[in-house]
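Hello,

Here is the structure I promised to pass on to you. Have a look at it first, and my notes follow below.

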Amino acid sequence: MEDGVATGSEARKRESPRRRKESPRADRAPVTLDRVAEAAFRLIERDGLEALTMRKVADELGIQAASLYWHVQDKHDLVDLLADALFADFDLEALPDAESGDWKANLTEFGHAFRRYLLSRRDAAQILVNRFVLGPHMLSNLERLLGWLRGSDLGDRESSYALITCLVYIHGFVLWETTPMSGAVARGEAPREYLDEVREELEELSPEEFPHTVALAEQLTGPSNDARFEFGLSCLLDGLAAQAAGGAGA
């Protein structure tokens, strides 16, 4: 210090770290929507969708939270971005070609493939359920799916209703099977072990008071989710096919 005036180095020592601006990093990649989505997905895989915040995404990107708001308005906008990004990674092109004209076979394969995909990405069903985002990836998949249906014997109304009904079933089933079925499972008990315990308890109920529950204890707790999903999807598509046939004959 000279004559009561702090030198530059002394002033910097007294400067609050919170007020000091970080020097820009030349090697930092520019923030893009793709990088925002990638950062958010990494956080979801670690902590789940419920724990996702704008500040955590900004920290993951190594930027200030205010900078993130230049790219996405809020968490709702962020989830919209993630919904479209999920459709970018789903390979609909690998599924049957619409030229086959067999909409029921196409939707059957789509249903199984889409369920497997949702199960492979943590909280993907929560991100997508009831989201109707006009992003490029969602739109391209929507166009292809509707093409399968409109190229069949289904009318326009039936085609749109059929697709929405199938998506609701798939999303709902995945949400159901990924939600802990009890406090014990939420605390870490394996679902299969828990179901075995439930089956034993059901079988020990009074057959006079609970005849149907006791008789179906194995079926209520035994089948795999794959079998349950297949049964529900088949019932759904068979019903749509019957309605289409009835409409064609009217």
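**Notes on helix α11 and beyond**

Arg192 and Asp196 sit four residues apart in helix α11, so about one helical turn separates them. Please keep in mind that this is a predicted model. The two side chains form a salt bridge, with 3.4 Å between the closest N and O atoms. Both are partly exposed: Arg192 has a relative accessible area of 36%, and Asp196 one of 27%.

Shared partners link Arg192, Asp196, Arg199, Glu203 and Glu218 into one network.

The neighbourhood also carries a negative surface patch, made up of Glu193, Glu197, Glu200, Glu201 and Glu204. Of these, Glu204 lies in the loop between α11 and α12 and is exposed, at 66% relative accessible area.

Stepping back, the protein has 14 helices and zero strands. Of its 250 residues, 32% count as buried, and the whole structure holds 13 salt bridges.

Asp89 is partly exposed at 47% relative accessibility, whereas Arg121 is buried at 18%.

Finally, helix α6 (residues 103–120) should span 26 Å, and its end C-alpha atoms are 25 Å apart, which agrees. Its buried residues include Trp103, Phe110, Phe114 and Tyr117.

Best wishes

Note on methods:
Residues numbered from 1 in each chain as written. Predicted model: local features only at pLDDT ≥ 70, side-chain atom pairs only at ≥ 80, totals over all residues. Heavy atoms only, no water. Patch = residues over 30% accessible without salt bridge, like charges linked within 9 Å, V, L, I, M, F, W, Y side chains within 5 Å. Areas by Shrake-Rupley, 256 points an atom, 1.4 Å probe, with all protein chains shown as cover. Salt bridge = Lys/Arg side-chain N within 4 Å of Asp/Glu carboxyl O. Lys, Arg positive; Asp, Glu negative; His and termini not counted. Charge placed at Lys NZ, Arg CZ, Asp CG, Glu CD. Helix = DSSP H or I, 4+ residues; strand = E, 2+ residues; numbered from the N terminus. Buried < 20%, exposed > 50% of the residue type's maximum accessible area, 1.4 Å probe, protein only. Expected span 1.5 Å × (residues − 1).
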